[in-house]
Every structure is written in C-alpha cells, then in structure tokens.
Amino acid sequence: GDIGWDPLALGAQADIQRYRARELINGRWAMLAVIGVLVPEFLGHNNIFGSPDQHWWNTAIVNDPIDGFQLTYMGETIPWGLFWLPIIHLPLFFVAEALRVGAFELEAFKDLDKLYPGGRLFDPLGLADGQTEEDLAILKTIEIQHARLAMVATFVFILEGLAGKGPYDIF
C-alpha cells in the first residue's frame, strides 16, 4: 500500500502497474516460501520429520544401487525419486503461469482481475464475499504489506542458509 515512502521514486514510473503486479506475484511466492521454510524447520527441530541437524536447504541426490537416483530432503528420501519431479512439477507450473498471463482463454477466467481474481475458483471459502470496496482496499493493503515482510524474511532465510543455520538455530 501507499504509505508515502518511495525513496527511489518508483511510483513515478510510467509502468507502475507492471511493477505493482510483479511485486504482488513475487510477494505471494515469498509468503509460500516462508511457510515452506518454517514448517519443515519446525518438523525437523521437533524430530517429526528429518532431524534437528538438517535444514530446509539440505537437499541431496543419492545414487541408490537398487532404486537409482533418489532425491533426499532433510535427510529423508522423497518417495517417487528424482525422475518424476520435473515430469509432475513442470507441466503444472506451466499451466498455472499460462493461465495467469492470459495465454489461454477459458470461460471460467473471463472478465477476472489478473491480480485479484476472486470468485469461486480463487476464493473458495468466500472470504471476500459481502465486503465493501473500502474493505477490499484494506485487505489488499494488508496483503501487500505481508508480502513485503515475507520477501524480507525469505532473504533472511537465504542469508541464514549461507551461514549454515536455519531459522530455529538463532533462538
């Protein structure tokens, strides 16, 4: 949200909507990344999955004589192996991104705002139903503030990983 702090004058740029869209998309990915770092760290720290000496960045490819190349995460073997990871992940990622940028025209996505689509597909719990425009503006501001915080947190997690530590190691 606009809180009056823009030291680089990015708000004066002609393509501010493009910057806004990129910040929001990257912020949403960062919010997912924070969850993807903290949950495995918590599980490993409490010996539920992995072990306390393993961290979210501990991934390895192990050549098993029987099963071939296996992917490990926090010391645990990923069940399907390395071969299936790109076969499953890349098509799903491609379809999601193609739908986001409008490469495909689907009736369900017609006339939706690309940044805040809402509707049955994107708000299945109906959290935005019955909200006024003023309430939605407040929710959008809260989302971008959380996204910015998540981007900073992700950067800190990366710095901790470079130092060989995890988020729970600093406490």
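R28 counts as partly exposed because its relative accessibility is 25%; buried means under 20% relative accessible area, exposed over 50%, and partly exposed in between, with a 1.4 Å probe and protein chains only. The structure is a predicted model, in which local features need pLDDT of at least 70, side-chain atom pairs count only at pLDDT 80 or more, and totals for chains, interfaces and linings use all residues. Residues are numbered from 1 along each chain as its sequence is written, and side-chain values use heavy atoms, with hydrogens and water left out.

R28 lies in helix α1 (residues 16-45). Helices (H or I, at least four residues) and strands (E, at least two) are DSSP runs, numbered from the N terminus. An unreviewed UniProt entry lists R28 under "binding site". UniProt positions follow the numbering used here, feature names are shortened, and annotations may be inferred rather than shown by experiment. Leaving aside residues up to four places away in sequence, R28 touches L115, Y116, E143 and A147. Contact means heavy atoms within 4.5 Å.

A147 is also one of the buried residues of α4. Helix α4 (residues 133-162) has 30 residues. From first C-alpha to last, α4 reaches 44 Å, close to the 44 Å expected at 1.5 Å a residue. The expected span is 1.5 Å times one less than the number of residues in the helix. G164 follows α4 and has a positive phi, near 80°.

Just after α2, G102 takes a positive phi of about 85°. N47 has a positive phi of about 55°, although N47 is not a glycine. N47 sits in the loop between α1 and β1 (59-64). At 54% relative accessibility, N47 counts as exposed.

The structure holds one cavity of 30 Å³ or more. On a 1 Å grid over the protein atoms alone, a cavity is a set of points where a 1.4 Å probe fits but cannot get out; lining residues have an atom within 4 Å of a point. The largest cavity has a volume of about 40 Å³, volume being the space filled by probe spheres set on the points. Its lining consists of E41, G44, H45, P52, Q54, H55, M74 and D169. By class, two lining residues are nonpolar, four polar and two charged. Here Ala, Val, Leu, Ile, Met, Phe, Trp, Tyr, Cys and Pro count as nonpolar, Asp, Glu, Lys and Arg as charged, and the others, Gly among them, as polar.

How values were computed
On a 1 Å grid over the protein atoms alone, a cavity is a set of points where a 1.4 Å probe fits but cannot get out, and a pocket is an open set with protein on both sides within 12 Å along at least five of seven lines; lining residues have an atom within 4 Å of a point.
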